[in-house]
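Here is a walk through a protein model, one spot at a time. Have the viewer open and follow along.

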Amino acid sequence: MDKIRLDFFDILGYLIPGTALLLSLWITADTSVLSLSDLYTFIGKIETKTLLSGVIVAYIMGFTLHFFGSMIFKRLNIPPRKITSENMPEYWALLREYGEKHLIILDRWQALKALASNLAAFSCIALVLCLIKGYFTGHCEWFALMPIFLGLSLIYAERAVVFHIYYDEDSFAVFEALNLKEKLPAHLR
């Protein structure tokens, strides 16, 4: 158990979006939350032991949400990658071997891309949850949140593309700066 640890990607890519989804589902299912003003009381009812066990559930939900975030990302207008090759595994092996100090930045771009695409997926789900909550409570303020979540999903999707571009450009720059193409076997160049 002492070897289990969360890294930057786990926290940004899975835990934060998973927590948002878990709370949204919980708020939708809680019949004591009728309007937005009931959220303060709802949050006050959450106990520490519930929060700790919720971390595990939130992580799993975030991991699952990543599937939907990836589906959204694949449908976006993504520019072609700078490193295009059927030898991509060899390129990344060289980046890991010779560009180790650069991997922190590349991992950060990947984590931010995952956060943005997963929050885009969460926002789409939250939009539906607002519709459900508004329908069952009869409070129109839930419907008023729907355009906000629609706008957030578009903003997050756009940010996912930006972080992907940064990731791609930085990985290419590292590859070029370290002259890693020369380190590939001759038949792979």
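You'll find P89 in helix 4, which covers residues 88–98. Helices here are DSSP runs (H or I, at least four residues; strands would be E, at least two), numbered from the N terminus. P89 and I105 are 16 residues apart in sequence, and their C-alpha atoms sit 19 Å apart in space.

A quick word on the model itself: it is predicted, so local features need pLDDT of at least 70 and side-chain atom pairs count only at pLDDT 80 or more, while totals for chains, interfaces and linings use all residues. Residues are numbered from 1 along each chain as its sequence is written, and side-chain values use heavy atoms, with hydrogens and water left out.

## Helix 1 alongside helix 5

Now look at helix 1 (residues 8–29) and helix 5 (residues 103–137). They pack at an angle of about 5 degrees, with their axes 8 Å apart. Axes are lines fitted to C-alpha atoms, for helices over the stretch in contact, and angles run from 0 to 180 degrees between N-to-C directions. That angle makes helix 1 roughly parallel to helix 5; the label goes to angles under 35 degrees, with over 145 being roughly antiparallel, 65 to 115 roughly perpendicular and the rest oblique.

What kinds of residues make up the contact of helix 1 with helix 5, by class? There are 19 nonpolar, five polar and two charged residues. For the classes, Ala, Val, Leu, Ile, Met, Phe, Trp, Tyr, Cys and Pro count as nonpolar, Asp, Glu, Lys and Arg as charged, and the others, Gly among them, as polar.

## The largest pocket

The largest pocket has a volume of about 240 Å³. Of the 15 residues that line it, the closest to its centre are S24, I27, F122, A126 and F149. Helix 1, helix 5 and helix 6 (141–177) are the elements that give two or more residues to the lining. Sorted by class, the lining has twelve nonpolar, two polar and one charged residues.

How is a pocket defined? On a 1 Å grid over the protein atoms alone, a pocket is an open set of points where a 1.4 Å probe fits, with protein on both sides within 12 Å along at least five of seven lines; lining residues have an atom within 4 Å of a point. Grid points are joined across faces, edges and corners, and the volume is the space filled by probe spheres set on the points.

Is D10 buried or exposed? At 11% relative accessibility, D10 counts as buried.

The side chain of D30 has a polar contact of 2.6 Å with that of S32 and another of 3.5 Å with that of K45.

## S37, in that loop

S37 is also in the loop between helix 1 and helix 2 (39–45). At 57% relative accessibility, S37 counts as exposed. Its side chain makes a polar contact of 2.8 Å with the side chain of S35. S37 and E47 are ten residues apart in sequence, with 20 Å between their C-alpha atoms.

## N179 and its phi

Most residues other than glycine have a negative phi. N179 has a positive one, near 50 degrees, and isn't a glycine. N179 lies in the segment after helix 6 and, at 43% relative accessibility, counts as partly exposed.

Definitions and conventions: Buried means under 20% relative accessible area, exposed over 50%, partly exposed in between (1.4 Å probe, protein chains only). A polar contact is a pair of N or O atoms within 3.5 Å; within protein, one must be able to donate a hydrogen and the other to accept it, and residues adjacent in sequence count only if both atoms are side-chain atoms.
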